[in-house]
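Please look through the sequence and the model before reading on. The report below goes through charged side chains, aromatic rings and a pocket in turn.

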Amino acid sequence: PDESQDFLVNVNTGMIVTVGEFDREQKAEYSFLAVATDDAAVRRLTGVARVTVLITDIDDNAPVITAPPPEILIARNTAAGATLWEFDTSDADATATELTFT
C-alpha cells in the first residue's frame, strides 16, 4: 500500500500533515519518501529523504482472558489455597505491561 496516502505535503512549505486517524494495533509504523525539487530552468535538482512515522500507543483495548472455563467443579474437601485455574490473558496495547486480577 502507498503509505504516502496517509499524509499530505504542502507543496509550498514542505509541511507534512496527517490525513485521518491512526491505530497502533493496526499499524505501528509508516515510511515514505519526501521529495523536494528546485525550479531551475536548465537543470532541476532533487533532494530525497525517507520519512518514518512511529505511532505511539494509548490504552484503548481491554485485556482478554483466553479460553476461560465454562465452570469449575471442586470437591467439597478441597484444601484452602488449592489452584483452581490459571488465567491466560492478552492485551493488544503495548502500554499494558502489567495486569491486575480480582
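## Salt bridges

A salt bridge is a side-chain nitrogen of Lys or Arg within 4 Å of a carboxyl oxygen of Asp or Glu. Side chains of opposite charge can pair when their charged atoms come close. The structure discussed here is a predicted model, in which local features need pLDDT of at least 70 and side-chain atom pairs count only at pLDDT 80 or more, while totals for chains, interfaces and linings use all residues. Residues are numbered from 1 along each chain as its sequence is written, and side-chain values use heavy atoms, with hydrogens and water left out.

A search of the whole structure finds 2 salt bridges. In one of them, the side chains of Asp57 and Arg24 meet with 3.5 Å from N to O. This pair links distant parts of the chain, since Asp57 lies in the loop between β4 (46-54) and β5 (64-65) and Arg24 in the loop between β2 (16-18) and β3, 33 residues apart; strands here are DSSP runs (E, at least two residues), numbered from the N terminus. Glu25 also forms a salt bridge with Arg24, and the closest N and O atoms of that pair are 3.2 Å apart. Salt bridges that share partners therefore join Arg24, Glu25 and Asp57 into one network.

## Aromatic rings

Rings of Phe, Tyr and Trp (its six-membered ring) pair if their centres lie within 6.5 Å, and planes under 30 degrees apart count as stacked, over 60 as edge-to-face and the rest as tilted. By this rule the count comes to 5 aromatic pairs. Phe7 and Tyr30 form an edge-to-face pair, with 5.7 Å from centre to centre and 80 degrees between the planes. Phe7 belongs to strand β1 and Tyr30 to strand β3, 23 residues apart, so this pair too links distant parts of the chain. Both Phe7 and Tyr30 are buried.

Why is the pair of Trp85 and Phe87 called tilted? Their ring centres are 4.7 Å apart and their planes stand at 55 degrees, so the pair falls into that class. Trp85 is partly exposed, with a relative accessible area of 29%, and Phe87 is partly exposed as well, with 35%.

Phe7, Phe22, Tyr30 and Phe32 form one aromatic cluster. Tyr30 has a further contact, because the charged end of Lys27 sits over its ring, 5.2 Å from the centre; a charge sits over a ring if NZ of Lys or CZ of Arg is within 6 Å of the ring centre and within 35 degrees of the ring normal.

## The largest pocket

A pocket is an open set of points on a 1 Å grid over the protein atoms alone, where a 1.4 Å probe fits, with protein on both sides within 12 Å along at least five of seven lines; its lining residues have an atom within 4 Å of a point. About 260 Å³ of space lies in the largest pocket, a volume being the space filled by probe spheres set on the points. Of the 12 residues that line this pocket, the closest to its centre are Val9, Asn10, Gly14, Val35 and Ala36.

Strands β1 (7-9) and β3 (29-37) each supply at least two residues of the lining, and β3 gives the most, with 5 residues. The lining divides into 9 nonpolar, 3 polar and no charged residues, where Ala, Val, Leu, Ile, Met, Phe, Trp, Tyr, Cys and Pro count as nonpolar, Asp, Glu, Lys and Arg as charged, and the others, Gly among them, as polar.

Definitions and conventions:
Helices (H or I, at least four residues) and strands (E, at least two) are DSSP runs, numbered from the N terminus. Buried means under 20% relative accessible area, exposed over 50%, partly exposed in between (1.4 Å probe, protein chains only).
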